[in-house]
Amino acid sequence: MAQPPPRRPLPPSRNAPPSRHPPHPNNARPPPPRPPSTLPRVPLASSHFDENHLPSVLHQPNPMTPDAERQARRRTCRFIEEAGQRSLRLPRVAVATATVFFHRFYVKHAFQEHDRFEVAMACLLLAGKTEESPKKLDFIVRECWKLRRRAQQQQQKLMNQGGASPSMGGASPTAAMSSPSATDNLQIDPKSEEYVRLKERVLLLERVILHTIGFELSIDHPYKFLVDSVQNMNKKRSIEGKDGQPLKNPQMVQELAQNAMNFANDSMHTTLCLQYTANEIAMTCVYLSGKYSGIRPVGGKPWIELLGGITVEDLTTISIQVLELVQPKKGMDSEMAFKMIRKDLEEMAREGAAAPDAKRQKTNYYIPVGGKPWIELLGGITVEDLTTISIQVLELVQPKKGMDSEMAFKMIRKDLEEMSREGAAAPDAKRQKTSYMDSRECS
């Protein structure tokens, strides 16, 4: 059999990193690189969300403060909600998807680089297509331009009357949109250069958003989780009203679900969708709705026992972020209810700190009998291969699982490090079941 021709070396990739070795004089061959370590290095867990490290806060030469960045997000989310529901008549899920796209976009880009209202238009355009309720680009541009124009005119009137009003925030690359004129015309001329340039800009931003979010268009929202949770609680008769009677009135169940929906809508104006899973946000909204509506678990049980898939610390963190947003809007009428919620959260936090082993009560851990290492029970795999495969799987699933599975992932990484050290101490036993085959034998 004829020998196969030798393989040609692959050309270097354009994005290949530069060599670590400097060029040698006289065309001398550089020294060979050091062989890689036998066992792969176990990477540390990724850092949590920190608004102090967002691109808009670190942007130079005009960085934003974390509070200004937070306010810019909230104002633009209100714009998306107003334009999506009232002007464009999009479904609630499509508006929520556009909001998530907007939050994810500005995790990678700065507000100083892209006009946030143009990004909002592109998010609405993309979300309409994603949720099977598309709107024409001309319609989106006209309605969003009209909505922003109306807000600018109202702001101008307040300034002329001497009243203070919040700024629209940031300079826009579209000069005509950022500076309202004295006329009251809310329509944009479809034949003007500004209109054509704005359409081209929105189409370009749509492609930029797709690349930024990695073409991940399937978004989970809290709505379906909270509706299922309320229905299960009512079916199992695990919640009761203020008078201690079961919720026989369908209106009370509907009120619980509706208030949870309202809290979920308010959570879209924060960065909670970047920090926690949709199920964790939904469970928190059900808890806030129950406390706000005066509904409690049967038998004096704590709410944490009815909420599946969330811990006390995550429930507290999400609740505080939602309350900080909605409490100024609700006013003094709801101040007593929010005080009761904060008091209940503090009690649950103290109980969780006093019993740390009970915080992960829904997570089951299994270990081999007699304290044996897992590698002795797993046939046909070595420590090196087990570590490599586990690391790649953890890097994929850890962002999806969120904080609820962080303790389990830490235990896995610690166990992998211990097995790696034991495997390095006994290198002859690492490859006892592994055989290699030359690729030429398959020809």
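**Notebook: salt bridges**

I began with Lys-224, which forms a salt bridge with Asp-220, their closest N and O atoms lying 3.7 Å apart. By salt bridge I mean a side-chain nitrogen of Lys or Arg within 4 Å of a carboxyl oxygen of Asp or Glu. A reminder to myself: this is a predicted model, where local features need pLDDT of at least 70 and side-chain atom pairs count only at pLDDT 80 or more, while totals for chains, interfaces and linings use all residues. Residues are numbered from 1 along each chain as its sequence is written, and side-chain values use heavy atoms, with hydrogens and water left out.

Next I looked up accessibility, taking buried as under 20% relative accessible area, exposed as over 50% and partly exposed as in between (1.4 Å probe, protein chains only). Asp-220 is exposed at 51%, and Lys-224 is partly exposed at 47%.

Then I turned to Arg-296, which forms a salt bridge with Glu-240, with 3.2 Å between the closest N and O atoms. This pair links distant parts of the chain, 56 residues apart: Arg-296 sits in strand E2 (residues 296-297) and Glu-240 in strand E1 (residues 239-240). Helices (H or I, at least four residues) and strands (E, at least two) are DSSP runs, numbered from the N terminus. Glu-240 is buried at 11%, and Arg-296 is partly exposed at 39%.

Which residue forms a salt bridge with Arg-92? I found Glu-81, with the closest N and O atoms 3.3 Å apart. Arg-92 belongs to helix H3 (residues 92-108) and Glu-81 to helix H2 (residues 66-87). Arg-92 counts as buried at 19%.

For the tally, I noted 13 salt bridges in the structure.
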